[in-house]
Amino acid sequence: MSKLLNAVTLLGAGTQGSRLAYMWSRQGRPVYLVDKSPAQLNLALATIQRLRASDPAGKEGKITSLTVDDLDPALRDSWLAIECVPEDLEYKRSVMLDLDSRSHSQTIIASNSSSYSITDICHGLSLKADDRFVNLHSFWPPETTAIEIMGSSQTRPDIIPLLMKETHDHGFQPFHVRKSSTGYTFNRIWAAIKRETLLVLEEGIATPEEVDQIYKCVLNTPRGPCELMDIAGLDVILAVEEHYAKVRMGIPNAPRKYLREMIERGDLGVKSGNGFFKYTT
């Protein structure tokens, strides 16, 4: 196999990084999972093993865990590098600069950001190859396989079709976001649902259980908005809402205030064991 379609490097071994490592290794190709924390890498590898046990693939590529000090060899072997770091714009911008300087100019560099477009992330950065940057926004793979692919005005025309094919081949259902959009396609719709859910809770109109029950009953869907926010992580939900509030007029403060109070209590959702609901690992 040529280097062009060999390995994938994932920078950040949190919830998204570990699940993406599982997905990108399903066709037998190698994956490098990189994080600054050895403990986080161990947790990610345990998650990947659970996913593989529950849904074995015909071919399982080798997943190599590395600290950031060993990033260079991974990038040399990779056709695609995806950042999965926390939803902080300046942090993501610094990661993009680092990946750009340390990778071959033909390596595609993607952001898994939930709310920042690749145009926003790369704006004003001095890049050696500004035509290989894209958004690759996933949700909760492998249970939710949708992935949104969004380029910028600078993105090479061959990159989007290649990513549409490769994501499909690795078990995703890809959707092309045809213009730069804060929140892509789905998250713009989801943002309204989240905000109204949080307002209903903040105003005491219904409990999380009641909100999810009526949502599931009417839409005939397996999960309600409170459970979905718990899965994503309430700290991530708050970071996204803070970003929307900066770039859009008229975003109410009450939903963010409600989230801040939950986070201050340590209620982050599934990853902390407590959110709108209680969880056991």
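Predicted model: local features only at pLDDT ≥ 70, side-chain atom pairs only at ≥ 80, totals over all residues.
Colleague: Which domain features does UniProt list?

Modeller: UniProt positions are given in the numbering used here, with shortened feature names, and annotations may be inferred rather than shown by experiment. An unreviewed UniProt entry places "domain: 3-hydroxyacyl-CoA dehydrogenase NAD binding" at residues 8-177. Residues 8-177 are 37% helix and 24% strand, with end C-alpha atoms 22 Å apart. The unreviewed entry also gives "domain: 3-hydroxyacyl-CoA dehydrogenase C-terminal" at residues 183-279. That span is 64% helix and 0% strand, and its end C-alpha atoms lie 28 Å apart. Helices (H or I, at least four residues) and strands (E, at least two) are DSSP runs, numbered from the N terminus.

Colleague: In what order do the strands of the open sheet run?

Modeller: Two strands count as paired if DSSP finds at least two bridges between them. Here eight strands form an open sheet, ordered β3-β2-β1-β4-β5-β6-β7-β8, with mixed pairing. The edges are β3 (63-66) and β8 (173-176); each has a single partner strand, so one side of each is left without a neighbour in the sheet. From one strand to the next, the twist averages 25°. Angles of this kind run from 0 to 180 degrees between N-to-C directions, with axes as lines fitted to C-alpha atoms, for helices over the stretch in contact.

Colleague: In which sense do β1 and β2 pair, parallel or antiparallel?

Modeller: Strand β1 (residues 7-11) pairs with β2 in the parallel sense over four bridges. Val8 has Val31 in β2 as its bridge partner. By contrast, β6 (residues 133-140) and β7 (residues 144-150) are antiparallel, over five bridges. There, Leu136 has Ile149 in β7 as its bridge partner.

Colleague: Which residues of β2 are buried?

Modeller: Buried means under 20% relative accessible area, exposed over 50%, and partly exposed in between (1.4 Å probe, protein chains only). In β2, Val31 and Leu33 on one side and Tyr32 and Val34 on the other are all buried, so both faces are covered. In strand β4 (residues 78-83) sits Trp79, which is buried at a relative accessible area of 2%. The C-alpha atoms of Trp79 and Asn6 are separated by 6.2 Å, although the two residues are 73 residues apart along the chain.

Colleague: How many residues of helix α1 are buried?

Modeller: Nine of the 10 residues of α1 (residues 15-24) are buried, so the helix is largely enclosed by the rest of the structure. Among them are Arg19, Tyr22 and Trp24.

Colleague: How many salt bridges does a search of the whole structure find?

Modeller: Side chains of opposite charge can pair when their charged atoms come close. A salt bridge is a side-chain nitrogen of Lys or Arg within 4 Å of a carboxyl oxygen of Asp or Glu. The search finds 21. In one of them, Glu166 meets Arg29 at 2.6 Å, N to O. The pair links distant parts of the chain, with Glu166 in helix α6 (residues 159-169) and Arg29 in the loop between α1 and β2 (31-34), 137 residues apart. Both Glu166 and Arg29 are buried.

Colleague: Which residues form a nonpolar patch on the surface?

Modeller: Patches are made of residues with over 30% relative accessible area and no salt bridge; like charges are joined within 9 Å, nonpolar side chains (Val, Leu, Ile, Met, Phe, Trp, Tyr) within 5 Å. Areas come from the Shrake-Rupley method with a 1.4 Å probe, and for residues only the protein chains shown count as cover. Ile214, Val218 and Leu219 form the patch, with about 320 Å² of accessible area together. Ile214 belongs to helix α8 (residues 208-219) and is exposed at 55%.

Key: Residues numbered from 1 in each chain as written. Heavy atoms only, no water.
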